[in-house]
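Biologist: I have a model open and a few questions about it. Can we go through them one by one?

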Amino acid sequence: MRGHRTSIRKLGIVLPFCAVSSSCSYIADRGLDALDPFRVSVGLGTVIGVRFRNIGLVDSGLMVGLKPRSTALGWRYGVPLFFRKGDPLMDADQAEIVKTTSITGLEYGQGSYTSARSSMALLPGLLTWADSTPSKYDWSVPEEGEEYDERTWIWAPSSFPKNLYAQVHAFDGEVEVGLLVYIETGTSLGELADFVLGFLFIDIAGDDDRI
Amino acid sequence: MRAFAHVPCLLVLLVGGCVKPDRTVRFTPAWEPFDPGAENWLRTRKALLVSDTQVHNLYSMALPERDLTTESMAATAIRPPQLDLFSGDVLEWIIRNAEKDADVVLHMGDAVDLACEGELEQFLGVMERGRKPWFLCPGNHDFYYFGSYDAQDLELWDLACHGSGARLPKDRFIRLYVAALLGEEEAGCAALGSALGLTDRAESSAMALRMPASFEWAAPPGTAGFLKGIAWEIDEAHPWRSYIIQSVDMTLPGTDGASVRVLLLDSCQYAERPELIPNAWRSYPVHLNCGLTAEMLPNQLRKVRSWLEAGGPSCNYTLMFHHPFRDLAPRARSSLGWLWREIGVGLVVTGHTHAGFYEHHDLGGEFDELELNLGSTTDWPMEWRTLAGYANVAEKRMYIRAERSTLVETLRNEEGYFEREWEIPIGAPDDYREYKQGEAGHILLVDFYLAHHLVPYWLPQPHIRPGDTAKRTEEKVKDALLLTYRRLLENFPTDASAAAPVWPSGTKDDGAVLGRIAAALVQDAGIEAKVSLLAELGALERSRHTLDKRTGLPGDDARLRYKLSQAAWASRFEAEGGRTLRIEDQVIRVDWEKAERRRLESAAH
């Protein structure tokens, strides 16, 4: 017990020191990390049903219908949720029973093309695939064979640098209820861990220095 | 003094990356005096760039996509009949008259519209009459049903190609295109024919059958002509995975400048069968709509890279392909962007949009990269460009001149076009937009929505057929085509003293032909009878020589001027906004009768 108290006391000295010695971005990062673990959004769609999803292993309930992306509004793990083509996280959501599609605008080159490969329907998030569409202008052509796969299993070593978001969010728990209007809410254990570990300068979500 | 304490902080912020200066742009517009004819200027060959000619099968049956609902979303679903009828004449006139001094024609794709062999034949006829070396990078309309997808519903594709030969899938297109290239002696394709072992002058379709499925050829050093390399791979089981690329030499013979090459790529190569609307239920593999998303597969990209690297630093490259760069699927865009930046490709030229623009791309390199997108010769603004590079080693200056022309601006400077009495009056049954007066078939959207979003991909897709509204619209189009032929015969009667043309059955003079047209229009003849008469009228039009009704003199020049004028009017009125005035409309016609009536009414009051 005594040892535990000592550790906390040490931490109490180390943390303020760290916070002061680094730039003000440390405080900003902790503030932003505090907003990351939560999700709540409202949207319109031809949907009906209830769905639960928890830590990527339980995915139960049934939502039937279509949820056009353009109608969703809210807060999604640190990012305001509204339809915009350039949203890099829009297509990184995990497996969904009902696919969200972007009929409005028909922007297949930007939206549906990548969202279509974001997951395998009905598979829990822990076993799903993550989009590995290159976002930078790099030579990304396989040297041998004709395989042109744009997805990787999210826990594959090759996908680690690219799919941090999908990995951190593999432990999300979400509830969704809908009857024409659907409401989603959820919390992310991965982001919560990132918030706590952030005080020790450990950035598991790779989202520090956002400002 | 304390008041200025924040200045160093601001400086640090500015320099430290909070404010980034603008990137240097490699290509900048030039307004300084430049005379390419002056001494010491090296010039490349001059290329005529055209795109999206969309030669359309006039004899097609009604199609679900040629419906006023689709037309309201994509204005090119149905074009005014005059435009479909005369778009080939426009292209031929551009090549033979407007840009006589161009050395080579480079087509950015979408030569045809519905992907039928008859359309391709018609296009090849135009290019042959143009009598210039020409090359084409394939576009989505050249071999995918209506430019959108590889229809598994072959009955639908057959309806589109009715009266115009067989369907034209991609493997067949590549073979026919290469066979057509072999006929171009000036283009330097004779050596290619020798390499293929196809030196006899057989029919294109017969030659196409003997074409190998996979082939790569590089012109031996010293070979004259434009074609320096060609490679294709044909996958007959999955035609959409086939591709063709070409290397065209633009270096002017006799100049000792560095070589200038154009690589024509294929942006319509897909891993999976293209679909009209990609199914929302499908996770992997992904099917794309080829009108919306472009794709290049690894085998093509690897070949392009090897060609670019083989050229070395002394070779200047321009890439050309059909879709704009931004429409490329992510992986192909990433890889091609890398090539563009790392190999130092000078310029990328694309088509597909029918609009035309310049676009800068920040690909992460030292400079921005520049894309020139080309508008259509058929759809407004009916544009084309000539492209030539100029270099002065002594002055260390280099220019690329991409001069833009439009049909209307070019014709306005010449006499004998746009005669008032030639313009179709508003409200006439063959008014340029008369077909738009029909009803919209809203049910079509629901069909597509259900078929592609609510039906899981593993269930068979329902077959979609043209509804009554689409059928009525198509009949209106056919009626307008018949009326257009009638106007041609009335304004430009057949010259009886010239060689006898191919008369439609049961006719031997213009009067009898006009009688058949009138009968087809008055009676409820049905679309089949109208289509069959249209085919006969097409043959007559191609074979006859005419008189100018106004002067009574023989000659076909006035008739060509009439056709070009009709195409321009139709294109203008088809463009978004229809008869609404635009910023560039400089001369505005005033309705004299209305103005006079208003004057009289106000005087009476």
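Biologist: Which residues of α4(B) are buried?

Modeller: Keep in mind that this is a predicted model. A residue is buried if 20 or more other C-beta atoms lie within 10 Å of its own. In α4(B), that picks out G118(B), E119(B), L120(B), Q122(B), F123(B), L124(B), V126(B) and M127(B).

Biologist: What do the buried residues of α4(B) pack against?

Modeller: Helix α4 of chain B covers residues 117–130. Its buried residues pack against elements of chain B. These are α3 (81–98), β4 (134–136) and α6 (170–182).

Biologist: How far does α4 of chain B reach from its first C-alpha to its last?

Modeller: The helix has 14 residues. At 1.5 Å a residue, 20 Å is expected. The reach in the model is close to that, at 20 Å.

Biologist: Which residue follows α4(B), and what is its phi?

Modeller: The residue after the helix is R131(B). Its phi is positive, near 55°.

Biologist: Leaving aside neighbours within four places in sequence, what is L263(B) in contact with?

Modeller: Contact here needs C-beta atoms within 7 Å. With those neighbours set aside, the partners of L263(B) are I245(B), S247(B), V304(B), W307(B), Y317(B) and L319(B).

Biologist: How far apart are the C-alpha centres of domain 1 and domain 2 of chain B?

Modeller: The domain assignment gives both domains in chain B. Their C-alpha centres lie apart by 30 Å.

Notes
Residues are numbered from 1 along each chain as its sequence is written. Chains are lettered from A and ligands numbered from 1 in the order in which they are written. This is a predicted model: local features need pLDDT of at least 70, side-chain atom pairs count only at pLDDT 80 or more; totals for chains, interfaces and linings use all residues. Two residues are in contact if their C-beta atoms, placed from the backbone, lie within 7 Å. Helices (H or I, at least four residues) and strands (E, at least two) are DSSP runs, numbered from the N terminus. The expected span of a helix is 1.5 Å times one less than its number of residues. A residue is buried if 20 or more other C-beta atoms lie within 10 Å of its own, exposed if 12 or fewer, and partly exposed in between; C-beta atoms are placed from the backbone. Domain bounds come from an automatic or database domain assignment.
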